[in-house]
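Trainee: I would like to learn how to read the features of a model with some care, taking one kind of feature at a time. Could you give me the general idea in each case and then show me how it applies here?

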Amino acid sequence: MRFFTFFAGLFIALPLCANDMMNLRSYGNETNDKMYLFTSLACPHCAHFHQDVLPEIEKKYLDTNKAKVVMVDMLMNNASLLGAMLLRCAPKEKQHEIEKELYQKQKQWAFDEKKAKSFLADIAQKYGISAGEFETCIQNKELQKTVITDQKRLAATYSVTHMP
């Protein structure tokens, strides 16, 4: 089994254990090869990567069942935490589309925490998540703790100290 990791667009191989994936979003079919992407919804370089580079990786590796992409949320601000929580609350089959839209519209929400909650609520509703479900999601302290703990654990394990 091989594991690969992307740090801000750099492709390197690292061993990751199965426990590292327990709470993480992933895209693609189950394969022996997994690409881990350490990314932040509030990182402009990450947005560029998701819009311009990741589609090519998806064509080459996901669409051909050669690998699966696993996302590791790196939190740069409270807006990115709320976005990561929304993605984890969303139905699995909608997560990828929501994530794409969040990166495409990053400038509209990810740098203004006052705008973020309203923007994310609208996105949630667009994808069939009710206002009540969204509010329950972002108020879920256990989920918040999980997202933060996952980031800290994996960042410490692989010496990821910041996003570009």
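Trainee: Is Ser-80 buried or exposed, and what is its relative accessible area?

Mentor: Burial is read from relative accessible area, where buried means under 20%, exposed means over 50%, and partly exposed is in between, with a 1.4 Å probe and protein chains only. Ser-80 has a relative accessible area of 1%, so Ser-80 is buried. Please keep in mind that this is a predicted model, in which local features need pLDDT of at least 70 and side-chain atom pairs count only at pLDDT 80 or more, while totals for chains, interfaces and linings use all residues. Residues are numbered from 1 along each chain as its sequence is written, and side-chain values use heavy atoms, with hydrogens and water left out.

Trainee: In which helix does Ser-80 lie, and which residues is Ser-80 in contact with, leaving aside its neighbours within four places in sequence?

Mentor: Helices (H or I, at least four residues) and strands (E, at least two) are DSSP runs, numbered from the N terminus. Ser-80 lies in helix α2, which covers residues 78–89. With contact taken as heavy atoms within 4.5 Å, and with neighbours within four places in sequence left aside, Ser-80 is in contact with Ser-40, Leu-41, Ala-42, Met-74, Leu-75 and Trp-109.

Trainee: How many residues of strand β5 are buried?

Mentor: In a regular strand the side chains alternate between the two faces of the sheet. In strand β5 (residues 68–73), 6 of the 6 residues are buried, so β5 is largely enclosed by the rest of the structure. Both faces are covered, with Lys-68, Val-70 and Val-72 buried on one side and Val-69, Met-71 and Asp-73 buried on the other.

Trainee: In which sense does β4 pair with β5, and in which sense does β3 pair with β5?

Mentor: Two strands pair if DSSP finds at least two bridges between them. Strand β4 (residues 34–39) pairs with β5 in the parallel sense over 6 bridges, and the bridge partner of Lys-34 in β5 is Lys-68. Strand β3 (residues 25–27) pairs with β5 in the antiparallel sense over 3 bridges, and Tyr-27 has Val-69 as its bridge partner in β5.

Trainee: Which helix makes a β-α-β unit with β4 and β5?

Mentor: A crossover is right-handed if, with the strands pointing away from the viewer, the path from the first strand over the helix to the second runs clockwise. Here helix α1 (residues 44–62) makes a right-handed β-α-β unit with β4 and β5.

Trainee: How many disulfides does the structure hold, and which cysteines form a disulfide?

Mentor: A disulfide is a covalent bond between the sulfur atoms of two cysteines, and the cut-off used is a pair of cysteine sulfur atoms within 2.5 Å. The structure holds 1 disulfide, formed by Cys-89 and Cys-137, whose sulfur atoms are 2.1 Å apart. With 95° about the S-S bond, this link of Cys-89 and Cys-137 is right-handed. Cys-89 lies in helix α2 and Cys-137 in helix α6 (residues 131–138), so the pair ties together parts that are 48 residues apart in sequence. Cys-89 counts as partly exposed at 35% relative accessibility, whereas Cys-137 counts as buried at 4%.

Trainee: How many salt bridges does a search of the whole structure find?

Mentor: Side chains of opposite charge can pair when their charged atoms come close. The criterion is a side-chain nitrogen of Lys or Arg within 4 Å of a carboxyl oxygen of Asp or Glu, and a search of the whole structure finds 12 salt bridges. Among them is the pair of Glu-101 and Lys-105, with the closest N and O atoms 2.7 Å apart; Glu-101 counts as buried at 5% relative accessibility, while Lys-105 counts as partly exposed at 28%.

Trainee: In which helix do Arg-153 and Asp-150 lie, and which residues do salt bridges that share partners join into one network?

Mentor: Arg-153 forms a salt bridge with Asp-150, the closest N and O atoms being 3.4 Å apart. Both residues lie in helix α7 (residues 141–157), 3 residues apart, about one turn of the helix. Salt bridges that share partners join Arg-25, Asp-73, Arg-88, Glu-99, Asp-150 and Arg-153 into one network.
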